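Here are my notes on this entry. Please read them with the model open.

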Amino acid sequence: MSRTKFTEEEALAFHHEPTPGKWAITATVPMTTQRDLSLAYSPGVAVPCLRIAEEPQAAYDYTNKGNLVAVVSNGTAVLGLGNLGALGSKPVMEGKAVLFKRFADVDSIDLEVDTEDVDAFVDAVKHLGPSFGGINLEDIRAPDCFVIEQRLKEAMDIPVFHDDQHGTAVICAAGLINALHLSGKRIEDCRIVLNGAGAAGIACIELLKAMGARPRNCIVCDTKGVIHKDRTEGMNQWKSAHAVETDLRTLEEAMAGADVFLGVSVKGAVTPAMVESMADNPVIFAMANPDPEITPEEAHDVRPDAIVATGRSDYPNQVNNVLGFPYLFRGALDVNARAINEEMKIACAEALAALAREDVPDEVAMAYGRKLSFGRDYIIPTPFDPRLIWRVPPAVAKAGMDTGAARRPIVDMEGYQASLKGRMDPTASILRGITERARRAQARMIFAEGDDIRVLRAAVAYQRSGFGTALVVGREADVRAKLEGEGMGDAVRELTVVNAANTEHLETYKAFLYARLQRRGHDMADIHRLAARDRHVFSALMLAHGHGDGVVTGATRKSAHVMELINHVFDADAGHGAAGVTALLHRGRIVLVADTLVHEWPGAEELATIAERGAAVARHLGLEPRAAFVSFSTFGYPVSERAEKMHRAPQVLDARGVDFEYEGEMTVDVALNAQAQAAYPFQRLTGPANILVVPARHSASISVKLMQEMGGATVIGPILAGVDASVQLCSTVSTANDILNMAVLAACKVG
């Protein structure tokens, strides 16, 4: 994958819109009636308070402590940016909190402690222990981080984990297990060289020693060279613990004959000559960020037999901490662990390594654009492998139980794994797959409304995200002025601005359009006006002639008017089987609603076609289609002429012999609820419907907008399906991100 590019303005806008920051708190209990409030607070809350006072462990039953982690920093070592202070670290800590939620469904609150005094920091954090099930320390400079973590571990009875140290160590260990497996080597026999004796480096070498690496075979280096027994300069107690008896004094000397190199230092620290001097089948983990100690290309130029990993996503074998900390805490929290010990970290590493040796699911391969299989370029699982959530935490939990760290052992491990599968939000992996498919497609995307800043921001994001080429329809001077007004003037030269005045194809477009419309009351003057002056028609003509791969439009005009214009160029009306399908994403579910764009009042035949279009979109999204024809009537009751067409539509599909599940007519609650479906044993759906075919466009629009405004659903669409071209329409209230999403769908030809 290529690295995503963005401007400062885009990064700031992401953190500012729709509300400042990256997370918010939502109540998990009803808070509407006076009774609800009385139970949630006084007097009802007194009951669990008294129970917990008598039995402290009951806090895990009656509060969110068991699924709550504090992400704590003082901002003294923020990413590669240095000491930004507590407040300057907050965006990073918020980001860590949302990663916990996204990957392991762990709730997290960021806490920025405004002190560089170790004693004060430790005192502040340890007194917060009753609130949380675990503490994730982040971005604290060395050696303070060693002291802080050790003292908090001793003072607190919940897991305390400094991810900058141990997260890197765990993923490094997982990769090394598989690299040595491929090299035919054993860790106890390997000569290991570590460059970088900071928090991550020390944690890496300590974990590898716990896994069997012999101390005498482990050489640690820093900016002053090899850490050896006779050295006094630049030493501290953590470095001294890894000093060895050796005559080696430089990294170059240490690398000669080494089996493994681990780098958590700086760009360029390793030369090709150093790599060339290593043992056969060397393992090189160059993990410096943003640029590795040596690139895989440089290493492979001199040692084709090397197995190379880095910290970057645009190279194979990324050492990414997000593979570790969410699942370590998930497993630790689920057994109410007192700590995350070495055995739990090793179990995490071994589970990750084992997962990488297994066949990779198709959806993961599809998301990454290539077939992944265990080998030199795939020794660590990808962060978006859906199996991580139910494979790694059980291994961590079991290690916690085996070592006595668990206070509440899991009795039914199979049931636990099943519950973990249910925690994952399927929408995230589906959208990830679509994004990567779009990146592979490299589509030339036509953004029809280049006079709107939202469209321009989406076009810039499309190109800078590596999806392909953005073709903006507009006047170059106008585009430049609008982008400069947003502080994005440098983006003008990246975009291709097209219009009727600068294309050589206008006469071809006009001839094509006249051939379509000459018998529909349009003369040549009308044709010229449409082709040369209407951006929607011009964009559609570009697409029809292969001068782009998709069109995104509709942000500045009502969809009905845009559809009329698109129909001048393509057969995108009800008579030709087109339909609008809108995706609703809400609480981990995706439901498609159709038709939200084309058919005003469809009959049974049209409803059946709409269901087919919805099924096609569902499959594009990676869903197995289950369509329900919804009404206020369920299987004939109450009897109504208005519901009759919803009753007949499934019979039309019966005659067509389609290859997806469908049923109707039924109310929405029956369609979406498996328990409600159980009351009708004759019905054919095997689970909740993911496609709702509604009686008319107005009911579809009402349903979608109600869910969006009242339910907080994310809306994607309407997706125009059933047209022989990739055209997608936004709404007039779309944000730049909404328009970008529609461009991604157009690039994937969803519909």
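**Notes on the predicted model**

1. Start with the contacts of N317. Leaving aside neighbours within four places in sequence, N317 touches V308, A309 and T310, and also R376, D377, Y378, I379 and I380.

2. Where does N317 lie? N317 is in the loop between β10 (307–310) and α15 (325–334). N317 counts as buried because its relative accessibility is 5%, under the 20% cut-off.

3. H568 is another loop residue to look at. H568 sits between α26 (559–566) and β15 (579–586). Its relative accessibility is 11%, so H568 counts as buried. Beyond neighbours within four places in sequence, H568 contacts L513, R516, L517, H522, L530 and V537.

4. How many disulfides does the count give? The count comes to 0. C218 is in no disulfide either: the nearest cysteine sulfur, in C190, is 9.5 Å away.

5. Are C204 and C218 buried or exposed? C204 is buried, at 1% relative accessibility. C218 is buried as well, with a relative accessible area of 1%.

6. On annotation, the unreviewed UniProt entry places "domain: Malic enzyme N-terminal" at residues 20–153. In the model, this span is 43% helix and 12% strand. The end C-alpha atoms of residues 20–153 are 34 Å apart.

Definitions and conventions. Residues numbered from 1 in each chain as written. Predicted model: local features only at pLDDT ≥ 70, side-chain atom pairs only at ≥ 80, totals over all residues. Heavy atoms only, no water. UniProt positions renumbered as here; feature names shortened; annotations may be inferred. Helix = DSSP H or I, 4+ residues; strand = E, 2+ residues; numbered from the N terminus. Buried < 20%, exposed > 50% of the residue type's maximum accessible area, 1.4 Å probe, protein only. Contact = heavy atoms within 4.5 Å. Disulfide = S-S within 2.5 Å.
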